[in-house]
Amino acid sequence: MTFQPIDILGYIGMVIVVTSFFFKNIKLIRIVNMAGCVLCTIYGFITNTYPTAALNIALFIVNIIMLAEPVIKDKRKQKKLNESKKDQ
């Protein structure tokens, strides 16, 4: 197996994903992790390593869901508060 220039993209993505876990802020972890996932997904498609691309797409989606969850919960809570105010 020989080194190809495109492998640099995969290594950069991998380093970004791994580095993301060193942050303390969970939001920052997820955002940086998503950036690494994008690079690894591109790498996976270019190199025809579809399991790599699929894994990183899945991780990207999980990160989006986990980032959106508090916002969704807050909106539901706000909606319930507004409805209870209307009932009074």
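The protein chain has a mean pLDDT of 92, and 98% of its residues reach 70 or more; pLDDT is the predictor's confidence in each residue, on a scale from 0 to 100. This is a predicted model, in which local features need pLDDT of at least 70 and side-chain atom pairs count only at pLDDT 80 or more, whereas totals for chains, interfaces and linings use all residues. Residues are numbered from 1 along each chain as its sequence is written, and side-chain values use heavy atoms, with hydrogens and water left out. Among the elements of the chain, α2 has the highest mean pLDDT (97) and α3 the lowest (89). Helices are DSSP runs of H or I with at least four residues, numbered from the N terminus.

Phe3, Ile8, Tyr11, Ile12, Met14, Val15, Val18 and Phe22 form a nonpolar patch with about 840 Å² of accessible area together. Such a patch joins nonpolar side chains (Val, Leu, Ile, Met, Phe, Trp, Tyr) within 5 Å, taken from residues with over 30% relative accessible area and no salt bridge; the areas come from the Shrake-Rupley method with a 1.4 Å probe. Ile8, a member of this patch, lies in helix α1 (residues 7-20) and is partly exposed, with a relative accessible area of 44%. Phe3 counts as exposed because its relative accessibility is 51%, the classes being buried under 20%, exposed over 50% and partly exposed in between (1.4 Å probe, protein chains only).

The structure has 2 aromatic pairs. In one of them, Phe3 and Tyr11 are stacked, at 6.5 Å centre to centre and with 20 degrees between the planes. Rings of Phe, Tyr and Trp (its six-membered ring) pair if their centres lie within 6.5 Å; planes under 30 degrees apart are stacked, those over 60 edge-to-face and the rest tilted.

Helix α2 (residues 26-46) contains Asn33, which counts as buried because its relative accessibility is 5%. Beyond residues up to four places away in sequence, Asn33 touches Val17, Ser20, Phe21 and Asn63, a contact being heavy atoms within 4.5 Å.

Helix α3 (residues 50-87) holds both Glu69 and Lys73, 4 residues apart, about one turn of the helix. Side chains of opposite charge can pair when their charged atoms come close. Glu69 and Lys73 form a salt bridge, with their closest N and O atoms 3.8 Å apart; the term requires a side-chain nitrogen of Lys or Arg within 4 Å of a carboxyl oxygen of Asp or Glu. The structure holds 1 salt bridge. Glu69 is partly exposed at 34% relative accessible area, whereas Lys73 counts as exposed at 52%.

Definitions and conventions:
Helices (H or I, at least four residues) and strands (E, at least two) are DSSP runs, numbered from the N terminus. Patches are made of residues with over 30% relative accessible area and no salt bridge: like charges are joined within 9 Å, nonpolar side chains (Val, Leu, Ile, Met, Phe, Trp, Tyr) within 5 Å.
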